[in-house]
Amino acid sequence: VDRGVTDIEGEKRAAAEAAAALVEDGMTVGLGTGSTVAYLLPALARRGLRGLRCVATSVATEVQARELGLPVEPFTSFDRLDIAIDGADQVSPDRWLMKGGGGAHTREKIVAAAADRFIVVVSSDKLVDALSPPVPLELLEFGLPATLRAVEPVRLRDAARSPDGGVIADHTGPFGDPAELAARLAETPGVVDHGLFAPGLVADVVIGRA
Ligand code: A5P
């Protein structure tokens with residue numbers, strides 16, 4: 001389907017606004033990262049909710065949220081969240097997600113896992129029949145050449161860093177079962193986390209449609 005940029009942006013906005021409507025006074029809220037979340041933040045700020053406490057998955061989100069008057073705290077003061085809302089790069093019919101296009105997937109997964117309700121907001125172009133490479137990786141700098149060798153084929157993202165200073169790379173190899181690849185990457189020393197999000201993390205997927 002050939003759709004214009006305007007439709008895609010409208011879909012992102014519609015999904016983000018629908019998700020913003022699910023947040024209530026006094027909630028602890030995980031804020032994701034990316035261009036869809038950039039529509040969520042003003043929609044959430046416009047609601048004028050009382051007593052919100054937010055955590056941010058990236059510096060860009062934190063800065064935008066603060067500018068809009070949304071209170072952001074470090075994610076060291078809570079051990080759970082009521083709700084988290086984030087975008088995704090790919091969503092499969094069985095609700096596996098690919099995330100990390102922006103290199104923030106480690107924080108994003110921590111926030112998603114800590115939330116009672118993790119809501120994914122996407123434009124309809126993110127829906128795929130099956131996830132496909134690349135799989136974003138966050139790697140420790142220590143031992144980097146050895147870790148890269150262990151996760152070949154892999155491509156380093158030049159100068160890209162995660163919000164916590166990790167090295168960002170992409171695993172480019174083909175894969176069938178995301179669970180199998182997720183397990184293999186997770187057990188590789190030096191891999192902080194990868195961009196495959198299992199269906200068990202996902203409560204709802206809100207899809208914008210033109
Ligand atoms: C950031 O690391 C990513 O996981 C984003 O959440 C994801 O890429 C979605 O971003 P967009 O809303 O910009 O497509």
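I shall describe the secondary-structure elements and how they are arranged.

This is a predicted model, in which local features need pLDDT of at least 70 and side-chain atom pairs count only at pLDDT 80 or more, while totals for chains, interfaces and linings use all residues. Residues are numbered from 1 along each chain as its sequence is written, and side-chain values use heavy atoms, with hydrogens and water left out. Helices (H or I, at least four residues) and strands (E, at least two) are DSSP runs, numbered from the N terminus; two strands pair if DSSP finds at least two bridges between them.

Let me begin with the parallel pair. Strand 1, residues 28-31, pairs in the parallel sense with strand 2, residues 53-56, over four bridges. Thr 28 has Arg 53 in strand 2 as its bridge partner.

Helix 2 also packs against helix 3, residues 59-67: their axes come within 9 Å and cross at roughly 25° (axes are lines fitted to C-alpha atoms, for helices over the stretch in contact, and angles run from 0 to 180 degrees between N-to-C directions). Helix 2 is therefore roughly parallel to helix 3, a term for angles under 35 degrees. On the helix 2 side, Val 37, Ala 38, Leu 41 and Pro 42 meet Thr 61, Gln 64 and Ala 65 of helix 3 (contact means heavy atoms within 4.5 Å). These contact residues comprise five nonpolar, two polar and no charged (Ala, Val, Leu, Ile, Met, Phe, Trp, Tyr, Cys and Pro count as nonpolar, Asp, Glu, Lys and Arg as charged, and the others, Gly among them, as polar).

I turn now to the open sheet of four strands, ordered 8-9-7-10 with antiparallel pairing. Strand 8 (154-161) and strand 10 (191-194) are at its edges, each with a single partner strand, so one side of each has no neighbour in the sheet. On average, neighbouring strands here are turned by 30° against each other, direction ignored. Helix 4, residues 105-114, packs on this sheet, touching strand 7 (135-139), strand 9 and strand 10, and its direction makes about 65° with that of strand 10. Helix 6, residues 178-186, lies across strand 7, strand 9 and strand 10, running at about 160° to strand 10.

Finally, three strands form an open antiparallel sheet in the order 4-5-11. Its edge strands are strand 4 (90-91) and strand 11 (196-197).

Note on methods: Parallel < 35°, antiparallel > 145°, perpendicular 65-115°, else oblique.
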